[in-house]
Amino acid sequence: MSAVPGSEKPAGRFRRMLDRLSSSQEDLESEELREDAETAGCVRIGDCHDRQIVTVTGTLRTVTLRPRAGVPALEAELFDGSAALDVVWLGRRSIVGIEPGRKLIASGRISMSRGRRVLFNPKYELRPLGRE
């Protein structure tokens, strides 16, 4: 019985090594982000549903200032390897540390806007630099 799990592990490692060698850089980064989300105990963005309270983590792809109903709004796209999510801070023109390439953990209630997942005014935590 103990021989079965032991024989599966080397095959699994070998398979993962081959997969990494044949994968694109984008695929590898997506896999790493998914693993980070799982390690942090966060919900994958791809598994989030409308009106669900979640804690997600990922990397900010873009950060833009986009007014909503005449109010300034800082909008960022958070990607965790499974899907993307728009994070919006209403009434803010900028937030120190919120910049493309930065990793963060965000908590709040998911809503759907024009077919995209959105998290308005989340509670958030910037991940330390240098953990990449």
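**View 1. Contacts across the chain.** Among contacts (heavy atoms within 4.5 Å) between residues at least 6 apart in sequence, 51% join residues at least 24 apart. The model is predicted: local features need pLDDT of at least 70, side-chain atom pairs count only at pLDDT 80 or more, and totals for chains, interfaces and linings use all residues. Residues are numbered from 1 along each chain as its sequence is written, and side-chain values use heavy atoms, with hydrogens and water left out.

**View 2. The fold, end to end.** Reading along the sequence gives α-α-β-β-β-β-β-β, that is, two helices and six strands. These are DSSP runs numbered from the N terminus: helices are H or I with at least four residues, strands E with at least two. Of the 132 residues, 32% are buried (under 20% relative accessible area; exposed is over 50%, partly exposed in between; 1.4 Å probe, protein chains only).

**View 3. The largest nonpolar core.** Here sit 18 residues, with Val56, Leu78, Leu85, Trp89 and Ile98 touching the most other members. Such a core is a set of buried Ala, Val, Leu, Ile, Met, Phe, Trp, Tyr and Cys residues joined through side-chain atoms within 4.5 Å. Two or more residues come from each of β1 (53-65), β2 (73-79), β3 (84-90) and β4 (103-113).

**View 4. Thr62 on β1.** Thr62 belongs to strand β1 and is partly exposed, at 40% relative accessible area. Beyond residues up to four places away in sequence, Thr62 touches Glu75, Ala76 and Glu77.
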